[in-house]
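I opened this notebook to record what I looked up in one structure. The entries follow the order in which I made them.

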Amino acid sequence: MWSEAELDEALACLHAEPQTRRDELSRARAALLRAAGEVEDELLPTLAPPARKRPGAWRWIAAAAAAALVSGGGIVATNALTGGDGPAPADHSVVGPNEDALESLHGDDFPLRDDQYRLVTESTWTTRVTKSGLVYQTHEILERWLPAHGWKPVKSRFTGTGEIRWIKGDYQTAKRNGEALPGPSASVSVNEVPPTTTTTSPPPPPVLPPQDRLPSESGWTHPAPDFLKELPIDPGKMADRLRHDGIWPDGRPVEQPNSAPEMFEMAFNVLRSSQGFGAQRVALCKALARMPGIVLETVATPDGRPALSFSVTMSDRTRTFIVDRATAAVVGSRAVRSNDKLEGWPGLTLFDTTISVVITDDDGPEPS
């Protein structure tokens, strides 16, 4: 019986021409392994199919992502898997679900006493492109104090640190070009009643034509605790919800299954809500990993913890989020611009966010 290494070597010799594609080798190797009966079909790597366009395909994404708005003539990407400029975007052409990694997911509920809070901190480096062609990153921090489910208010604090990392240009060039650079800022908000959403409101998305309108008040775009506790903990049932949940503003059900980008954003919204429900998060990760168009990879966090990476290719970017295998909590999120969408800056990271959750007795800041 051949080992996997011997199969790889044999296939490489058979396809030694320079133009041989990696996906052709993957298919051939998978066929040999399947014929030899060494692995089950669902464990074999499969090629991610191209994104399928259809009417209304972005109805979930525009509000959930709101990640490339035009503001003052410059591209603003809102929302780091690393503390620095971030690694080069990974090759997401092959889906290779790791069953052992998925089965090792453990969902932490992050339980609270009545007087405690979950402090969720998102540290983001946002890339901005000015009208004169300068490129730089700004640093923003969003903190959310989430109480035990009940009557207590949810507090949030947004801080613009004023830090700038220059990718192209410098302060002197920006001043000479008349570019206004963001300075330090801070704001505190309090929801005095239990919110219908656990996230801060993003900038308003552009107006969409009727056929591309977002579902109204969907639990997937506004994942409140009452919605989260009703989600199934069985991955198969969760997959059905991902494929088919959604309504149009007039109440009509969505007729076509949700696309991979839509399911990606639905899952990310729930994970980012950070409201506990560990079993639901595990089921959500397992369901999403098996969806066509979703790329699953085993990775490590910047501090070395085992993690899973979920990615999807959209029309103008690749979106990725990272889940800690020990807690099934999302710990990072990133978007990378498609190579052909920003002339001179292929693979530019649009935003890079690290996310942490800690239990605290501190009830957060008071509004000034």
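**Entry 1: the model.** I note at the outset that this is a predicted model.

**Entry 2: strand β5.** I looked up the burial of strand β5, residues 117-129, and found 11 of its 13 residues buried, so the strand is largely enclosed by the rest of the structure.

**Entry 3: the partners of β5.** I then traced the pairing. Strand β6, residues 135-147, runs antiparallel to β5, and 13 bridges join the two. Within this pair, I found Ser123 bridged to Ile141 of β6. The hairpin of β5 and β6 has 5 residues between the strands, and Gly133 there takes a positive phi near 95°. Strand β13, residues 349-360, also pairs with β5 in the antiparallel sense, over 10 bridges. In that pairing, Tyr117 stands opposite Thr360 of β13.

**Entry 4: helix α8.** I turned to helix α8, residues 260-273, where 14 of 14 residues are buried. I checked its length: at 1.5 Å a residue, its 14 residues should span 20 Å, and the end C-alpha atoms are 20 Å apart, which agrees. Just after α8, Ser274 takes a positive phi of about 60°.

**Entry 5: α8 against α9.** I asked how the axes of α8 and helix α9, residues 278-289, are arranged. They come within 11 Å and cross at roughly 160°. An angle over 145 degrees counts as roughly antiparallel, and α8 and α9 are therefore roughly antiparallel to each other. Their crossing is left-handed. The contact is made by Met263, Phe264, Ala267, Val270 and Leu271 of α8, with Arg281, Leu284, Cys285 and Leu288 of α9.

Methods:
Residues numbered from 1 in each chain as written. Predicted model: local features only at pLDDT ≥ 70, side-chain atom pairs only at ≥ 80, totals over all residues. Heavy atoms only, no water. Buried < 20%, exposed > 50% of the residue type's maximum accessible area, 1.4 Å probe, protein only. Helix = DSSP H or I, 4+ residues; strand = E, 2+ residues; numbered from the N terminus. Pairing = 2+ DSSP bridges. Expected span 1.5 Å × (residues − 1). Axes fitted to C-alpha atoms, helices over the stretch in contact; angles between N-to-C directions. Parallel < 35°, antiparallel > 145°, perpendicular 65-115°, else oblique. Left-handed = near helix turned anticlockwise from the far one by under 90°. Contact = heavy atoms within 4.5 Å.
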